[in-house]
Amino acid sequence: MNISSEHFLVLSGFLFLIGAAGVMLRRNILVVMMSIELMLNAGNLALVTFSRIQGNAHGQALAFMVVAIAAAEVAVGLAIVVSIFRSRKTTDIDELDAMKN
């Protein structure tokens, strides 16, 4: 079975839509962060697919940088979530409407 580039792009779009729905519909900040990561990975899949179509490694290098930046973003975001949870005892987005105690 031959898997074409269109299959990868459709999968990328589907993953991005799932991530966007998670960001818009969920109220738990951890689920929202996971949905953002899913959207970043969908973008990476598209970058690697276009890199494969073009026949060079530029998209793959850019996807590698996005993964590195996403890892740093998750570390900082998780630290912020833990800090908020310690002070407010909740991770519900609706209850976190202001950055005050």
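Is Lys 89 buried or exposed? In this predicted model, Lys 89 has a relative accessible area of 61% and is therefore exposed, the cut-off for that class being over 50%. Lys 89 lies in the segment that follows helix H3 (58-88). Its backbone also deserves a look: phi is near 60°, a positive value in a residue that is not glycine.

At the other end of the chain numbering, helix H1 takes in residues 5-25. With 21 residues at 1.5 Å a residue, H1 should span 30 Å, and because its end C-alpha atoms are 30 Å apart, the model agrees with that expectation.

The buried residues of H1 are Ser 5, Ser 12, Gly 19, Ala 20 and Gly 22. They cover an arc of only 155° around the axis, so they sit on the same side of H1. An α-helix has 3.6 residues a turn, so residues three or four places apart point the same way. Helix H2 (29-54) is included in what covers the buried residues of H1. The face of H1 turned away from the buried side carries exposed residues, namely Glu 6, Val 10, Phe 14, Leu 17, Met 24 and Leu 25.

His 7 also belongs to H1. With a relative accessible area of 46%, His 7 is partly exposed, because that value falls between the limits of under 20% for buried and over 50% for exposed. The side chain of His 7 is joined to that of Ser 4 by a polar contact of 2.9 Å. Val 76 is 69 residues from His 7 along the chain, and the C-alpha atoms of these two residues are separated by 34 Å.

Note on methods: Residues are numbered from 1 along each chain as its sequence is written. This is a predicted model: local features need pLDDT of at least 70, side-chain atom pairs count only at pLDDT 80 or more; totals for chains, interfaces and linings use all residues. Side-chain values use heavy atoms; hydrogens and water are left out. Helices (H or I, at least four residues) and strands (E, at least two) are DSSP runs, numbered from the N terminus. The expected span of a helix is 1.5 Å times one less than its number of residues. Buried means under 20% relative accessible area, exposed over 50%, partly exposed in between (1.4 Å probe, protein chains only). The arc is that of the directions from the helix axis to the C-beta atoms. Contact means heavy atoms within 4.5 Å. A polar contact is a pair of N or O atoms within 3.5 Å; within protein, one must be able to donate a hydrogen and the other to accept it, and residues adjacent in sequence count only if both atoms are side-chain atoms.
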